[in-house]
Amino acid sequence: MQRDLTLRRRLRSIRQNEYLTLYLFLLPAVVLVVIFCYIPIGGLVIAFQDFNIFQGIGGSTFVGLANFRKAFSDPYFLRALKNTLIINSYKLLYWIPLPLILALMINEIGFMPLRKTVQTVLYMPHFLSWVIVGGIFTSLLTVNGGVVNKLLTSLGMKPIRFLTDGNWFREVLVWSAMWKEAGWGTIVYLAAITAVDPMLYEAALIDGASKWRRIWNITIPALASTIVIVLMLSLGNLLGNSFEQILVMYNSTVYDTADVIGTYTYRIGIGQMQYSYSSAIGMFNSVVGFALVVTTNALCRRFLDRSIW
Amino acid sequence: MISAARRQNAIRMDRSEKTVKLLSYCLLILALVVTLFPMLNLVAKSISGQRYVAAGKITIIPHDISFGAYRYVLTASRFWLAMKNTLFVTIMGTLISVAVCTLAGYALSKQRLPGRRWLMLMFMFAMLFSGGMIPTYLLIKELGLLNSLWSMILPGAFSTYNMLLLKNYFEGLPAEIEESAHIDGANYVQIFLRIALPLATPVLATITLFCIVSGWNAYFSAKLYITKQELLTLQAYLAGIIFESADPTGSFQLSANNASGLAKQSVVDATVVCTMLPVVVFYPFLQRFLVSGMVLGSVKG
């Protein structure tokens with residue numbers, strides 16, 4: 001008893017001396033986060049200024065909310081906001097059912113080597129960059145010798161300018177994103193399916209439930225909370241998603257339907273050096289995105305007893 | 001009577017089971033075709049003759065096979081320069097990122113560390129909110145990192161997400177091992193290096209692979225911070241070739257009809273293939289680490 005107590009005391013004193021080591025372990029991370037995350041957050045002050053790069057943050061005049069007011073009367077910003085919402089909602093429409101159905105089907109493959117092969121192929125596009133995916137789809141859909149248009153013309157149809165026709169370009173964005181991510185999206189569902197109690201299926205089998213009923217009444221309900229989590233995560237990302245993909249694949253002929261907040265910020269910020277105005281737009285995006293993520297996470301925690309963090 | 005009803009049930013069930021299986025297999029085959037066709041089409045075009053490529057006659061079977069496009073791409077010094085830059089960014093970025101995240105994750109896995117909650121809050125907030133593209137760009141500019149490969153490494157070196165994966169893993173290790181080492185007089189550095197790190201190999205492998213993939217694929221930071229041609233990474237170089245019709249060698253524009261007998265599309269496609277090849281070749285062997293990371297992350301961050 002006595003020995004145990006001294007031992008514990010000794011352990012505590014060692015610990016206190018050792019905390020210094022742990023703080024040193026944390027130092028590089030803290031330095032990087034302060035420099036590359038918190039200084040830019042502080043830099044958002046220029047969103048409230050008429051920032052001039054020669055005068056710096058200290059010398060530039062404050063203009064209050066003028067930049068934000070400007071954004072909401074700027075037709076190009078409003079167009080970008082609308083496109084962001086439309087494109088990401090459109091993706092969401094497929095992002096929920098496609099991976100779910102794929103997962104249910106993969107789950108039907110009993111022969112393990114085949115199942116692994118199917119998974120390997122379907123997961124692979126996730127690891128290709130948007131530049132490569134863009135390259136693959138451009139090559140496939142181009143009017144000059146793309147195999148899809150070749151097929152259309154041989155069927156007597158007119159070639160489709162997938163990459164320069166605004167309406168078709170949105171389809172290209174959505175379907176190339178599904179091509180890249182739908183397979184990878186099955187992972188969370190497959191993990192959840194393995195957690196279902198096999199007894200439930202056996203009981204249903206004895207009661208004469210068909211395969212369809214077993215999927216509909218056992219598997220799907222078991223996946224409900226995962227589906228909601230995936231939905232919440234996507235909702236939280238409603239403004240941030242799609243930016244790099246569009247930056248890679250778009251061109252000036254499709255600005256009307258495909259210019260999103262990120263690409264617009266990039267063009268006016270980096271291209272036209274309107275630092276204050278583009279920072280204000282970026283800040284709007286960050287604040288709304290943050291609010292969405294925090295809200296959806298709170299909802300998940302409240303109603304599903306699960307949270308993203 | 002009952003047994004007859006049961007048999008009826010069994011037959012009906014059997015039929016529905018078969019239907020679902022058949023439907024699943026058919027649709028999965030369709031999914032495989034849809035996934036593979038664009039890639040195979042690209043490969044076929046990269047090794048086919050100009051006449052066939054320009055006419056759109058290539059599906060997945062190459063015609064008039066030649067590897068001229070690959071010779072063209074692989075003899076371009078710019079390709080190798082871009083490869084060198086990408087390797088530098090990927091390797092340095094991965095080393096720094098894994099080291100920083102592991103150290104921080106280990107420290108934060110110690111529940112009793114004073115100030116732990118505040119530090120966690122600081123990292124979490126940085127994960128969920130950002131200053132955005134323009135203030136970060138101006139900072140990089142102020143730091144003199146424009147047109148430096150470090151601009152592609154340092155800003156993303158710390159990832160809260162990866163750090164949390166590591167922290168959770170360290171928290172899951174049995175505390176008794178470390179405590180007994182403590183009593184034997186080992187300090188945190190020794191415990192970290194000799195006990196915690198070896199035990200964390202699986203999650204370290206996962207994080208390392210995440211970092212390698214994101215380093216290899218990094219495009220936007222190059223587009224944003226790098227303007228010098230000789231500092232472009234593979235993805236930025238490739239984007240120039242695909243979307244801005246840049247020539248791989250940088251010396252002349254490949255026109256649709258040129259003396260080399262190569263279709264421009266073949267050269268573009270060959271560059272895409274060369275850039276995606278390492279991913280496609282290595283990925284199947286490393287898949288299980290990557291998938292396990294995804295599952296770890298989805299359970300609870």
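Predicted model: local features only at pLDDT ≥ 70, side-chain atom pairs only at ≥ 80, totals over all residues.
Over all chains, the structure contains eleven salt bridges. One of them pairs Lys211(A) with Glu108(A), with 3.2 Å between the closest N and O atoms. The two residues are 103 positions apart in chain A and so connect distant parts of it: Lys211(A) belongs to helix α11 (residues 211-236), whereas Glu108(A) sits in the loop between α5 (97-107) and α6 (112-123). Lys211(A) has a relative accessible area of 12% and is buried. Glu108(A), with a relative accessible area of 7%, is buried as well.

A salt bridge is also formed between the side chains of Arg214(A) and Glu17(B), at an N to O distance of 3.6 Å. This pair joins two chains, because Arg214(A) is part of helix α11 of chain A and Glu17(B) is part of helix α1 (residues 2-46) of chain B. Arg214(A) is buried, at 7% relative accessibility, whereas Glu17(B), at 22%, is partly exposed; the two residues fall into separate classes because buried means under 20% relative accessible area.

In chain B, the side chains of Glu178(B) and Lys110(B) form a salt bridge with an N to O distance of 3.4 Å. Here too distant parts of the chain are linked, 68 residues apart, with Glu178(B) in helix α8 (residues 175-183) and Lys110(B) in the loop between α4 (77-108) and α5 (116-128). Both Glu178(B) and Lys110(B) are buried.

A nonpolar patch on the surface consists of Trp212(A), Leu23(B), Leu27(B), Leu30(B) and Val34(B), which together have about 470 Å² of accessible area. Helix α1(B) makes the largest contribution to this patch, with four residues. Leu30(B) is located in helix α1 of chain B. In general, residues three or four places apart in an α-helix point the same way, because the helix has 3.6 residues a turn.

In chain A, helix α15 (residues 275-304) comprises 30 residues. The distance from its first C-alpha to its last is 42 Å, close to the 44 Å expected at 1.5 Å a residue.

How values were computed: Residues numbered from 1 in each chain as written. Chains lettered and ligands numbered in written order. Heavy atoms only, no water. Salt bridge = Lys/Arg side-chain N within 4 Å of Asp/Glu carboxyl O. Buried < 20%, exposed > 50% of the residue type's maximum accessible area, 1.4 Å probe, protein only. Expected span 1.5 Å × (residues − 1). Patch = residues over 30% accessible without salt bridge, like charges linked within 9 Å, V, L, I, M, F, W, Y side chains within 5 Å. Areas by Shrake-Rupley, 256 points an atom, 1.4 Å probe, with all protein chains shown as cover.
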